[in-house]
Amino acid sequence: MSNIGSYEEKYKGFDWSFARKELGCKDSTPLNIGFYCSDRICQQGKGGKIAMIWEGYKGEVEKFTFDDLRIYSNNYAHLLKSFGIKERERVFIFMERVPDLYFSFLGILKMGGIVAPLFSAFGEESLLTRLEDGNASAIITIPKLIKKIRRIKDQLPQLKKIIIVTDDENFKSEEKETSFSAKKAKRVEKFDIFPGTFETPSVLHYTSGTTGKPKGALHVHSSIFAQYLTTKWCLDLKPDDIYWCTADPGWVTGTSYGIIGPWSLGITQVVLDSGFQVGKWYNLIQKHRITVWYSAPTAIRLLMKEGEEIVKKYDLSSLRHLCSVGEPLNAEAVTWSKKVYGLPFHDTYWQTETGAIVISNYPGMEVRPGSMGKPFPGIVATVLDSSYNPINKTGSAGLIALKPGWPSMFRNYWNNPATYDSKFKNGWYITGDRASIDKNGYFWFVGRDDDVINTAGHLVSPFEVESALLEHPAVAESAAIGKPDPINLEVVKVFVALKSGFEKSDDLELEIMNFIRKRLSPLAMPQEIEFVDSLPKTRSGKIMRRLLRAQERGEPIGDLSTLEND
Ligand code: PRX
């Protein structure tokens, strides 16, 4: 029997106070995610239960109990306070998936700080825009990544401290830096956890839009109510499960479902500090007897590519429930996983802004391969026409819209309330995605309604790529689009017009690709560069990415009446 039981019954008459009660949180109770993910589990007598089975890229394994989580997060909370970091100040974490990433995430929340996770492969420019916008007070990082921070720290005058996680007593710290190891530090048995309210800010996740700099979606501590219940009902986690979320906490899946959801339920989870490798992944499932697996379509397509034979070499019989997020999950991937693992992947749909799953295929409910499923209890979802009115016709595509008010909804974009406001129309939150709804209420994803590129489940802003390209001495102007890709859904393709005096060449192409990889990240790096004499623009001078994208996909080009150089 699944945790959710009957979806229809749960949807009817649902109230979010249900999750609050399950967590034992009263209206007047101080609320802190850090407490609910560690201390509360210990108070329930589960302090000795394994919270994290960590595996490094060399295959080394370390295990941490909920009591370890409690103490090591206390150590970080105490350390930050001792540096004068106050509640609501932004502490960024910039680490690979080392255990201290997880301890410090909870520690920052425990002292009332706002935790802002960063992807470890970010280059200097990606780092600087986020650290500047978020007005970082502190950064927690690892020796391997400190060089990137050292190169930009002079441009961050408000930065008080850089904490470097290391056991090496000979590590040479520079100005503003402190080296630290939660495991070696004196154990802080008791820490006065910041007594937050439902609306106290918790996590700041940067996400990319079509225009402007990355936007910091701000969440609050009461997001835990949605993260807890969606983990329980969509991922179906039960006390004896061994759960694996493949996402990096640099992205929202890695925090909502790689930290808060599972640990608020007191579940044991596996963390793998390395990227995709088919043998390694199957071996991890076999070795740790993983039961519930949350991954993404790109990874599933890579596994499909490796075929069925390799699956037979491993004992994957521990698996009992599979879920996916981040991109459209093709019907073939669902059918394939059913055949090969004996289990279908269940699609879940949500965004950084929604903080938790909002549409999903539930365990126990019929999975319709290719469909995202139905709205979570407490979520009112529909599709709207271009005037933001509900389309009351089954099968017609429109904008996916949600009625505001669920607990994990973002509360603002940091420093950018105007963009936040622009996301709400006629009393709906507009997701920026398009879908249709069938006669049984299942949602079918159609595509994004903007120019944002979704590569392997990660959003890349064409604006960020184009801005970075302009800093290259050879580039006069450019346009970045998502080019369809059989594995990664899309990859970044750029059209570049060169300044006079520069000639196109293979070397220049490689140089530009690397330029973006270093400045932004490997994900933002163009996989293809097409050199052009000029770019199609509207009369007002805006580059028509729409036209380039349609040409690339062989789709109808549409209305060109505003085109300047036709
Ligand atoms: O376009 C949708 C796509 O990913 C976007 C959200 O990306 P991000 O904020 O980075 O969060 C990713 C993890 C939740 C959405 O606007 N997306 C997410 N899930 C799905 C999806 N597209 C199709 N099907 C999904 N299940």
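User: In this predicted model, which atom of the ligand does a backbone N or O atom of E327 lie 3.2 Å from?

Analyst: A polar contact is a pair of N or O atoms within 3.5 Å. Here the backbone N or O atom of E327 is 3.2 Å from a nitrogen atom of the ligand. Side chains take part as well: Q351 places an N or O atom 2.9 Å from a ligand oxygen atom, and for T352 the distance to an oxygen atom of the ligand is 2.6 Å.

User: How much of the ligand's accessible area does the protein cover?

Analyst: On its own the ligand has 550 Å² of accessible area, and the protein covers 97% of that.

User: Which elements give two or more residues to the shell around the ligand?

Analyst: They are α9 (252-264), β14 (345-349) and β22 (443-448). β14 gives the most, with three residues. Of the 18 residues around the ligand, those that come nearest are D347, T348, Q351, T352 and D433. By class, the shell has eight nonpolar, six polar and four charged residues.

User: What is the strand order in the open sheet of nine strands?

Analyst: Strands of a sheet pair through backbone hydrogen bonds, either parallel or antiparallel. In this open sheet the order is β2-β1-β11-β10-β12-β13-β14-β15-β16, and the pairing is mixed. β2 (61-65) and β16 (374-375) are at the edges with a single partner strand each, so one side of each has no neighbour in the sheet. Strands β10 (residues 242-245) and β11 (residues 268-272) run parallel and are joined by three bridges. Within that pair, W244 stands opposite V270 in β11.

User: Where does α9 lie relative to the strands?

Analyst: α9 lies across β1 (50-55), β10, β11 and β12 (292-295), and runs at about 165° to β10.

How values were computed. Residues numbered from 1 in each chain as written. Predicted model: local features only at pLDDT ≥ 70, side-chain atom pairs only at ≥ 80, totals over all residues. Heavy atoms only, no water. Near = heavy atom within 4 Å. Polar contact = N/O pair within 3.5 Å; in protein donor to acceptor, adjacent residues only side chain to side chain. Areas by Shrake-Rupley, 256 points an atom, 1.4 Å probe, with all protein chains shown as cover. Helix = DSSP H or I, 4+ residues; strand = E, 2+ residues; numbered from the N terminus. Nonpolar A, V, L, I, M, F, W, Y, C, P; charged D, E, K, R; others polar. Pairing = 2+ DSSP bridges. Contact = heavy atoms within 4.5 Å. Axes fitted to C-alpha atoms, helices over the stretch in contact; angles between N-to-C directions.
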